[in-house]
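Here is a friendly walk through a two-chain model, written for someone who likes to know the cut-offs. Please have a look at the sequence and the structure first.

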Amino acid sequence: MSQTKAKRIIVVDDDADYVLQTKMRLEGAGYEVTTADSRASARELVEIGGFDLAVIDLMMEEMDAGFMLAHEMKKKHPDMPIIMITSVTAETGIYFNTQDSGANSWIKADLVLAKPVRPEQLLEQIARLLA
Amino acid sequence: MTVRVLVVDDEAGIRTAIKRAIENVRERFDGIDEEIIYETVLAEDGDACLKHLSDGLGDIVLLDYKLPGVDGLEILRRLGQMKHDGVVVMMTAYASLETAIDATKLGAYDFLAKPFTLDEMRYSLRKATQHLVLRRQAEQLAAEKKQVRFQFISVLAHELKSPLGAVEGYLRIIKDQVAGDTIEAYSDVVDRSLVRLEGMRKLIFDLLELTRLESGQKERDLRQIDLNEIVAYCAESVQTQAAERGIHLSVKVADGLKMFGDRTELEIIFNNLLTNAVKYNRDSGSVTLKVGAKAGKISITCADTGIGMKPEEVDRLFGEFVRIKNEKTKHITGSGLGLSILKKIVSLYDGSISVKSIPAEKTTFTVKLTQGDVP
């Protein structure tokens with residue numbers, strides 16, 4: 001019987017409660033979770049490396065922090081899946097569609113989900129991207 | 001302000017006489033800042049009248065009752081249908097009580113009995129203009145108030161969404177037993193939920209406070225206030241918070257300084273200034289509060305050695321629900337209404353408030369209040 005090492009996920013969001021809840025949900029499903037509350041601290045952690053997937057909030061300390069972080073991460077770790085979480089849709093009605101090739105070129109995420117994200121949905125998508 | 005007067009009469013002589021009589025007139029009314037000038041538009045029959053009106057050219061309509069082909073009451077009816085936002089003065093030689101009643105029911109504001117002197121015409125026009133301008137002012141104020149109330153409620157609904165969502169998320173985590181079946185595993189969850197709830201409570205409380213201030217519903221208890229005493233009282237209530245982080249509080253009030261005001265309001269001012277100075281300070285920093293008087297104005301300065309603000313942040317500071325969100329303020333709680341409330345109260349004292357700040361160094365708030373009648 002082989003022991004599969006738990007997959008490591010980094011969750012980046014400046015909303016402390018969102019981060020704590022996501023961490024608990026992912027840990028409850030057997031993942032190892034590291035959290036960061038800004039693009040700056042996330043970058044440092046990603047340098048150290050070893051993450052299998054990233055969940056990033058689109059807007060943090062600056063309007064485009066999450067968006068920029070995704071770009072940087074994809075450059076450094078092109079094979080690491082990124083899920084972008086945004087409250088922008090709820091606020092502005094703008095939809096980000098990663099199926100649309102236009103959007104694909106500037107959003108460096110494998111998937112964009114709008115807050116509030118159902119925990120089951122997040123877990124399903126993570127399992128799919130890590131498969 | 002230009003008021004457009006539409007003169008509708010089949011007699012050219014009357015039309016031109018009225019036009020000449022009012023074209024250089026400048027009116028002033030109590031309660032209205034702007035001077036009013038008239039722009040006259042002439043119409044010789046019902047059709048011309050209605051055409052000008054549909055072009056929006058008749059704030060005031062001087063309307064001849066007996067027009068060729070169409071009767072004045074009919075025009076009034078059409079004005080009603082068009083939802084004409086103006087004032088109509090009927091000019092008529094056929095002044096029977098019945099006509100007057102009919103016309104008034106249809107919306108006429110006043111009557112000028114022909115033959116009338118130009119002075120009588122100007123008097124009637126002046127009355128009608130005053131009525132129009134005041135009515136429009138009231139309508140605008142009501143619309144603005146409605147707009148503000150709506151915005152307020154929208155913003156509040158928006159501000160509550162986040163904490164409500166957070167607490168719901170936490171409860172679901174407990175319900176789903178995501179971290180196992182021991183209650184200790186959920187202590188962070190419970191603590192954070194309580195913090196968010198407290199935040200909601202504070203938000204609602206501050207909002208009520210602000211609304212009461214805006215609507216003038218708060219009853220003020222104005223009396224002579226001993227500033228030394230009230231400042232000492234407020235400083236003491238901030239003491240614990242300050243001591244927790246080693247922040248030194250120093251207070252200096254001019255000897256025997258008094259002012260005429262409402263104690264609760266002044267407490268809010270001092271508490272607000274002091275709590276902000278502590279909240280946004282660095283550990284082991286200091287807060288210096290000075291209160292003095294000059295030329296009938298009380299001057300309050302509250303300086304802290306705290307995180308400071310950039311000029312763009314200072315500009316936004318007094319907006320409602322504005323909380324300066326950056327790396328340094330992440331862990332600081334607040335409703336975002338404190339300074340809005342402060343500003344409203346300061347205005348009750350015909351005062352002023354200003355801020356100077358150097359990022360990462362210091363911030364100083366200066367509040368000036370009218371001292372009022374003190375012996």
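The report below covers the conventions, the interface, and then the sheet.

## Conventions

This is a predicted model, in which local features need pLDDT of at least 70 and side-chain atom pairs count only at pLDDT 80 or more, while totals for chains, interfaces and linings use all residues. Residues are numbered from 1 along each chain as its sequence is written, chains are lettered from A and ligands numbered from 1 in the order in which they are written, and side-chain values use heavy atoms, with hydrogens and water left out.

## Where the chains meet

Chain A brings 12 residues to the contact and chain B brings 17 residues, with contact meaning heavy atoms within 4.5 Å. About 1,200 Å² is buried between chain A and chain B, and carbon and sulfur atoms give 49% of that area. Buried area here is the accessible area (1.4 Å probe) that two parts lose on being put together, summed over both. On the side of chain A, the residues that lose the most area to chain B are Asp17(A), Met24(A) and Arg25(A), together 47% of what that side buries.

Six residue pairs are in polar contact across the interface of chain A and chain B, both residues being at pLDDT 80 or more. A polar contact is a pair of N or O atoms within 3.5 Å; within protein, one must be able to donate a hydrogen and the other to accept it, and residues adjacent in sequence count only if both atoms are side-chain atoms. Helix α1 (residues 16-28) of chain A supplies seven residues, the largest share of the side of chain A that touches chain B. Helices (H or I, at least four residues) and strands (E, at least two) are DSSP runs, numbered from the N terminus.

## Salt bridges

The whole structure holds 33 salt bridges over all chains, each being a side-chain nitrogen of Lys or Arg within 4 Å of a carboxyl oxygen of Asp or Glu. Three salt bridges cross the interface of chain A and chain B. In one salt bridge, the side chains of Asp17(A) and Arg196(B) meet at 2.3 Å, N to O.

## The sheet of chain B

Chain B has an open sheet of six strands with mixed pairing, in the order β2-β3-β1-β4-β5-β6; two strands pair if DSSP finds at least two bridges between them. Its edge strands, each pairing on one side only, are β2 (26-27) and β6 (108-113) of chain B. β2(B) pairs with strand β3 (residues 36-43) of chain B in the antiparallel sense, over two bridges. Ile36(B) in β3(B) is the bridge partner of Glu27(B).
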